[in-house]
Amino acid sequence: MHIWVDADACPAVIKDILFRTAERMHVPLTLVANRLLRVPPSPYIRARQVPMGFDVADRHIVEEVAEGDLVITADIPLAAALIEKGTFVLSPRGECHSAENIRERLGLRDFMEGLRGAGVDIGGPAALSPADRQAFARQLDRFLARQRS
């Protein structure tokens with residue numbers, strides 16, 4: 001099992017949780033971004049820089065993941081593509097995306113995109129809260145515990 005991170009928009013605090021987890025659990029972790037990323041020296045952690053361009057990092061992740069891997073992303077269309085490949089998907093807010101809920105989340109995302117396209121100011125996502133960080137860490141620990149058993 002490998003953990004992949006859609007790292008361009010992943011909050012630093014979430015990356016820090018992932019760095020500590022990779023070291024503690026000896027799980028390979030790869031961050032993918034179209035900019036240079038700093039990662040701590042570790043045999044378990046690596047960063048992969050991909051060329052600039054629309055969805056280049058997303059396509060790279062989809063091509064590289066294997067069934068049973070875990071991907072951290074807030075990108076709903078990417079999550080949908082990954083679920084179809086049999087990967088597990090967790091958002092930086094600790095939300096587990098699955099075959100059971102991804103269609104609803106895609107529909108909501110498309111609805112919000114439509115509102116933005118019509119000029120409605122709906123604002124952006126709320127800042128990551130301490131509760132979000134705790135939810136992410138809790139879900140990550142639960143996932144890894146299930147994989148180990």
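How are H1 and H5 oriented to each other, roughly parallel or roughly perpendicular? Before I answer, please keep in mind that what we are looking at is a predicted model.

Helix H1, residues 12–25, and helix H5, residues 130–148, pack at an angle of about 25°, and their axes lie 11 Å apart. Since angles under 35 degrees count as roughly parallel, the two helices are therefore roughly parallel to each other, and their crossing is right-handed. On the H1 side, the residues that take part are Val13, Ile14, Ile17, Leu18, Thr21, Arg24 and Met25, and these meet Arg133, Phe136, Ala137, Leu140, Asp141, Leu144 and Arg148 of H5. Sorted by class, this contact of H1 with H5 comprises nine nonpolar, one polar and four charged residues.

Let me turn to helix H3, which spans residues 76–84 and in which Ile76, Leu78, Ala79, Ala80, Leu82 and Ile83 are buried.

Most residues other than glycine have a negative phi. His26, however, has a positive phi, near 60°; this residue sits in the loop between H1 and strand E2, residues 29–33, and is partly exposed, with a relative accessible area of 48%. Asp55, which is not a glycine either, has a positive phi of about 60°, lies in the loop between strand E3 (45–49) and helix H2 (56–64), and is partly exposed at a relative accessible area of 30%.

Conventions:
Residues numbered from 1 in each chain as written. Predicted model: local features only at pLDDT ≥ 70, side-chain atom pairs only at ≥ 80, totals over all residues. Heavy atoms only, no water. Buried < 20%, exposed > 50% of the residue type's maximum accessible area, 1.4 Å probe, protein only. Helix = DSSP H or I, 4+ residues; strand = E, 2+ residues; numbered from the N terminus. Axes fitted to C-alpha atoms, helices over the stretch in contact; angles between N-to-C directions. Parallel < 35°, antiparallel > 145°, perpendicular 65-115°, else oblique. Left-handed = near helix turned anticlockwise from the far one by under 90°. Contact = heavy atoms within 4.5 Å. Nonpolar A, V, L, I, M, F, W, Y, C, P; charged D, E, K, R; others polar.
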